[in-house]
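Let's walk through a structure together, one question at a time.

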Amino acid sequence: MTAPLPAPAPAPSLVAVTGAEGFIGSHLTEALVAAGHRVRAMAQYNSFSSYGWLETLSAETLGQVDIVLGDVRDPGSVDQLVEGAEAVYHLAALIAIPYSYQAPHSYVDTNVTGTLNVLEAVRRQGTPRLVHTSTSETYGTAQTVPITEDHPIRTQSPYAASKAGGDRLADSYHASFGTPVVTLRPFNTFGPRQSMRAVIPTVIGQVAAGERTITLGDLRPTRDFLYVKDTARAFLAVGTAPAEAVVGRTFNAGTGGEISVGELTRLIGKLMDTDLDVREDEERIRPAHSEVMRLVADASRLRAATGWQPGYDLEQGLGHTIDFFRDPGNLSRYKTGIYNI
Ligand SMILES: NC(=O)c1ccc[n+]([C@@H]2O[C@H](COP(=O)([O-])OP(=O)(O)OC[C@H]3O[C@@H](n4cnc5c(N)ncnc54)[C@H](O)[C@@H]3O)[C@@H](O)[C@H]2O)c1
């Protein structure tokens, strides 16, 4: 008698990611593949055929990734991305606050209309799960701390307003059509591959490039910094949790800690063994009523629904980020000598 053949391994489930070539999207793509998924990854169409950070993933990971160039502003492009996916993770967005002062229409096109296109595709195709990405910026300066999901929404920049518009559309699709959408609201995320529009790469990148005089915007605002691998795990947590635990709900992801930009810069200087001369630069200071002065998360809803909690503390995350920027190959991808908006 011959032994029965082992059952074939189940085919990996297909998930789709928008904004996959970006900072958080590339880490999420890696985490999804590590969790056994096949990923259809949208990178924004561009004339260089660049796949952004996806180009730096390992060959093993890329073996489970189908990269498609597209645009969330184009409904047909989104329809093709979503087809046959068991879950869609929607991260594509314009994210820089200073650039949203200059080009607000493009933020509405991408963050509001783009989100509408994703919701429509998911609704029409009956996709079982959509994870929509919000941001802590939608809360504005904290009125009560830590910030729960019931904190008022107060949009202090066109970026925040456009993200809140996408959030409201997501809520409305769940209420109107039962679309199985869950909204994740990450607090400030940092780590390898982040662009130099954000404060941590700005400081680390300038120091790694040999600068000792660091120019920044306002040093007083405080933020709750979450390491990117923890953010990626939060996406997976809400993307894979039982529907009754998460669908139709919004979840903060943050550590519950806070640090000012000034203190953070001193901490980075200490971790990089460097005495820094920190200067505030007028050009980088936001209009007074637009600057969000304080953000600190209460993520207990996410913990209760999924068991998620951060795995890295700030110094550990900064250590990994410093290692990344000290690698000359990585640093050469950045323009450390200019103000990146
Ligand atoms: N970085 C943070 O601290 C943070 C915090 C909270 C929420 N978020 C949200 O997380 C998501 C990812 O942000 P990130 O920090 O990785 O930024 P990112 O700029 O690295 O990633 C965004 C990606 O979206 C893509 N994109 C932009 N317009 C597009 C379009 N029209 N069509 C298709 N793709 C398009 C960009 O090419 C980019 O790769 C965003 O939705 C952002 O609002 C970020």
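This is a predicted model: local features need pLDDT of at least 70, side-chain atom pairs count only at pLDDT 80 or more; totals for chains, interfaces and linings use all residues.

Residues are numbered from 1 along each chain as its sequence is written.

Q: Which element gives the largest share of the shell around the ligand?
A: The ligand is surrounded by 27 residues (C-beta atom, placed from the backbone, within 6 Å), and the closest are Gly19, Gly22, Phe23, Ala92 and Ala93. Two or more residues each come from helix H1 (23-34), strand E2 (38-44) and H5; helices (H or I, at least four residues) and strands (E, at least two) are DSSP runs, numbered from the N terminus. The largest share, 3 residues, belongs to H1.

Q: How many residues of the shell around the ligand are polar?
A: Ala, Val, Leu, Ile, Met, Phe, Trp, Tyr, Cys and Pro count as nonpolar, Asp, Glu, Lys and Arg as charged, and the others, Gly among them, as polar. On that basis the shell has 10 nonpolar and 4 charged residues. The polar count is 13.

Q: Are H5 and H6 roughly parallel or oblique?
A: Helix H5 (residues 104-125) packs against helix H6 (residues 158-177) with axes 9 Å apart, at an angle of about 20 degrees. Angles under 35 degrees count as roughly parallel, over 145 as roughly antiparallel, 65 to 115 as roughly perpendicular and the rest as oblique. Therefore H5 and H6 are roughly parallel.

Q: How many nonpolar residues does the contact of H5 with H6 have?
A: Contact requires C-beta atoms, placed from the backbone, within 7 Å. Among the residues involved are Tyr107 and Leu116 of H5 and Leu169 and Phe177 of H6. The contact has 5 polar and 2 charged residues, and the nonpolar number is 12.

Q: Which residues of H12 make the contact with H7?
A: The axes of helix H7 (residues 199-208) and helix H12 (residues 314-326) come within 9 Å and cross at roughly 45 degrees, so H7 is oblique to H12. From H7, the contact takes Ile200, Pro201, Ile204, Gly205 and Ala208. From H12 come Thr321, Ile322, Phe325 and Arg326.

Technical notes. Axes are lines fitted to C-alpha atoms, for helices over the stretch in contact, and angles run from 0 to 180 degrees between N-to-C directions. Two residues are in contact if their C-beta atoms, placed from the backbone, lie within 7 Å.
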